[in-house]
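The following exercises concern one protein chain.

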Amino acid sequence: MLKWFSLLILCCVFLTGAVTAQAAVTTYTDQSSWAAAAGSSSVETFESATVENWTGATTFSKSLTDFTIAGTLPDSNDNAGVYSSGDASLSSGNFFGWSGNATSATLEGGPSFTITFSSARKAVAFDWGNNDYSDYYSVKIDGVAYTNPPFIPKATSSSPLKTGFWGIVSDTEFTSITFTVAATGGTIEQMSIDNVRYGAAQGGGSGSSVPFPVWGICFLAAAFVSVRLLVAKKQ
């Protein structure tokens with residue numbers, strides 16, 4: 001009897017791990033393709049946001065319509081904020097940008113920040129700009145870091161601003177995305193994001209860490225074991 005129940009427990013644990021690990025994530029560098037996969041979405045253009053800049057060794061927080069941007073500036077030369085113009089300006093309007101210093105060997109320092117949504121999302125995208133030829137940032141979503149793209153460095157120091165689009169659609173919900181330096185030569189030239197697009201939560205909430213199909217399988221397995229035990233007892 002103990003043998004059967006031990007096998008049942010092991011099966012349930014295995015199935016739980018297998019199912020919860022199968023999160024389907026797709027990245028996009030084309031806005032139309034992302035929009036088709038994401039479905040209904042909203043966009044933050046920063047046009048209605050107050051232009052302001054944080055500088056020096058400090059922390060900052062900026063509340064917008066559906067999310068908050070909060071981060072740290074560990075170096076006295078670090079900057080971040082909502083700008084109306086700058087080296088990494090993506091359009092004639094406002095954008096969120098940052099620059100500063102970081103240690104090339106350890107990647108310590110440099111602005112870092114997190115976008116936290118007011119409710120869970122399954123899709124997010126943005127336009128990005130990188131005015132540096134050696135430095136770039138990573139974007140971490142649900143524990144996975146993505147680099148190059150976005151924030152691909154420009155070819156040389158005299159090359160024009162490198163720009164692009166990057167987005168993600170996931171079958172699991174997330175509430176935040178984090179931006180941190182991934183490579184640097186020391187001085188981080190201005191980088192930027194604009195037109196942050198995000199898909200509405202796709203219903204169901206975050207739910208249990210074990211999906212319903214796993215419990216269904218475990219229930220059937222338990223029923224099977226019970227029947228086998230009854231038959232064995234009668235014999």
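**Exercise 1. The ends of a helix**

Task: Determine which backbone nitrogen a side-chain oxygen of Asp 30 reaches at the start of helix α2.

Solution. The model is a predicted one. Helix α2 covers residues 31-38, and at its start a side-chain oxygen of Asp 30 comes to within 3.3 Å of the backbone nitrogen of Ser 32. Just after α2, Gly 39 adopts a positive phi of about 75 degrees.

**Exercise 2. The chain as a whole**

Task: State how many helices and strands the protein chain has, and what percentage of its residues count as buried.

Solution. The secondary structure consists of 3 helices and 12 strands. The chain has 235 residues, of which 39% count as buried. Next, consider contacts between residues at least 6 apart in sequence: 73% of them join residues at least 24 apart. Finally, the chain exposes about 12000 Å², and carbon and sulfur atoms supply 56% of that area.

**Exercise 3. Aromatic pairs**

Task: Classify the pair formed by Phe 126 and Trp 166 from the distance of the ring centres and the angle of the planes.

Step three places the residues. Phe 126 belongs to strand β8 (residues 112-130) and Trp 166 to strand β11 (residues 162-183), so the pair ties together parts 40 residues apart in sequence. Phe 126 is buried, because its relative accessibility is 1%. Trp 166 is likewise buried, at 2% relative accessibility.

Step four turns to another pair with Trp 166. Tyr 146 and Trp 166 form a tilted pair, with 5.4 Å from centre to centre and 50 degrees between the planes. Tyr 146 lies in strand β10 (residues 144-146) and Trp 166 in β11, so this pair ties together parts that are 20 residues apart in sequence. Tyr 146 has a relative accessible area of 16% and therefore counts as buried.

**Exercise 4. The nonpolar cores**

Task: Identify which element gives the largest share of the largest nonpolar core.

Solution. The largest nonpolar core has 37 residues, and those with the most contacts inside it are Phe 96, Phe 151, Phe 179 and Ile 193. Elements giving two or more residues to this core include β5, β8, β11 and β12 (187-199). The largest share, 7 residues, comes from β11. The residues that Phe 179 touches include Phe 126, Phe 151 and Ile 193. A second, separate core has 7 residues, among them Tyr 28, Trp 34, Ala 38 and Ala 123.

Methods: Residues numbered from 1 in each chain as written. Predicted model: local features only at pLDDT ≥ 70, side-chain atom pairs only at ≥ 80, totals over all residues. Heavy atoms only, no water. Phe/Tyr/Trp six-rings, centres within 6.5 Å; stacked < 30°, edge-to-face > 60°. Helix = DSSP H or I, 4+ residues; strand = E, 2+ residues; numbered from the N terminus. Buried < 20%, exposed > 50% of the residue type's maximum accessible area, 1.4 Å probe, protein only. Polar contact = N/O pair within 3.5 Å; in protein donor to acceptor, adjacent residues only side chain to side chain. Contact = heavy atoms within 4.5 Å. Areas by Shrake-Rupley, 256 points an atom, 1.4 Å probe, with all protein chains shown as cover. Core = buried A, V, L, I, M, F, W, Y, C linked by side-chain atoms within 4.5 Å. Lists of a residue's contacts leave out its neighbours within four places in sequence.
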